[in-house]
Amino acid sequence: LLLRLGDLSLDEVADRLADVEGRSSTDLAREWLAELVRDTRAIPIEIAGEARYAAAEDAARLRDGLGVALPPGLPEALLERRPHALRELVARYARTHGPFQAVEPARRLGIPEAAVEQALHELARDGRVLQGEFRPGAHGIEWASADVLKSLRRLSLAALRREVEPVDAEALARLLVDWQ
């Protein structure tokens, strides 16, 4: 979960857990995160003034992209310099969210909006994100991962196809009787 979605707070992890054995999802999340931290598979960090947890593999990315202070004792292999760390963090945000404005990841990551916009423009040059007006009623430039847009389009077309699928003979007979 932390590798796929990125850093999460205790509450965000708990929200993603199903009710297991009648236990509180917050207690279960706290227990699992403590075990991951103890095994050095996750690290406790602070981003934008909020306590969060991240996969240990993201340590260098968070340090180089956001200036996050890392806990001691991490293996040297996880601390190699990441020159495009911020771009990687913004790309993951785009992959895990629907259309968004630059202020949203800036607020989440606790960095200036201009830095996020620069990273988004670099990702757009690579074809990884697209900009436009995607949501009805939204104002201003929005960004979305190309993969997310493809997925949304595929799901929308599938829903439209289900609406025009043929029905069974019983349903047609009921319609004809009601119609007459």
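**Figure 1. Overview of the protein chain in a predicted model.** Of the contacts in the protein chain with a separation of 6 or more, 42% are between residues 24 or more positions apart; contact means heavy atoms within 4.5 Å. This is a predicted model, in which local features need pLDDT of at least 70 and side-chain atom pairs count only at pLDDT 80 or more, while totals for chains, interfaces and linings use all residues. Residues are numbered from 1 along each chain as its sequence is written, and side-chain values use heavy atoms, with hydrogens and water left out. The chain has nine helices and four strands, in the order α-α-α-β-β-α-α-α-α-β-β-α-α from the N terminus. Helices (H or I, at least four residues) and strands (E, at least two) are DSSP runs, numbered from the N terminus. The radius of gyration is 22 Å, well over the 16 Å that the globule rule gives for 180 residues, so the chain is more spread out than a compact globule. That radius is taken over C-alpha atoms, and the globule rule is 2.2 Å times the number of residues to the power 0.38. The C-alpha trace spans about 75 × 45 × 25 Å along its principal axes. Of the 180 residues, 33% count as buried, a word that means under 20% relative accessible area, with exposed over 50% and partly exposed in between (1.4 Å probe, protein chains only).

**Figure 2. Helix α3, residues 25–38.** The end C-alpha atoms of α3 are 20 Å apart, which agrees with the 20 Å that its 14 residues should span at 1.5 Å a residue. The expected span is 1.5 Å times one less than the number of residues. Leu28, Ala29 and Leu33 of α3 are buried. Seen down the helix axis, the buried residues fall within an arc of 125°, so they line one face of α3; the arc is that of the directions from the helix axis to the C-beta atoms. Their cover includes α1 (2–5), α2 (10–15) and β2 (50–55).

**Figure 3. The two ends of α3.** At the start of the helix, a side-chain oxygen of serine 24 comes to within 3.2 Å of the backbone nitrogen of threonine 26. Just after the helix, threonine 40 has a positive phi of about 55°.

**Figure 4. Aspartate 7 and its salt-bridge partners.** Aspartate 7 sits in the loop between α1 and α2 and is buried, with a relative accessible area of 8%. Among the residues that aspartate 7 touches, not counting those up to four places away in sequence, are Ile45, Ile47, Tyr53 and Leu62. Aspartate 7 forms a salt bridge (a side-chain nitrogen of Lys or Arg within 4 Å of a carboxyl oxygen of Asp or Glu) with arginine 108, the closest N and O atoms being 3.3 Å apart. Arginine 108 is in helix α6 (residues 103–109), 101 residues from aspartate 7. Arginine 108 also forms a salt bridge with glutamate 12, at 2.7 Å between the closest N and O atoms. Glutamate 12 lies in helix α2, 96 residues from arginine 108, and counts as partly exposed at 21% relative accessibility.

**Figure 5. The salt bridge between arginine 92 and aspartate 58.** The two side chains meet at 2.8 Å, N to O. Arginine 92 lies in helix α5 (residues 85–95) and aspartate 58 in the loop between β2 and α4 (59–66), so the pair ties together parts that are 34 residues apart in sequence. Arginine 92 is buried at 8% relative accessible area, and aspartate 58 is buried at 2%.

Conventions
Polar contact = N/O pair within 3.5 Å; in protein donor to acceptor, adjacent residues only side chain to side chain.
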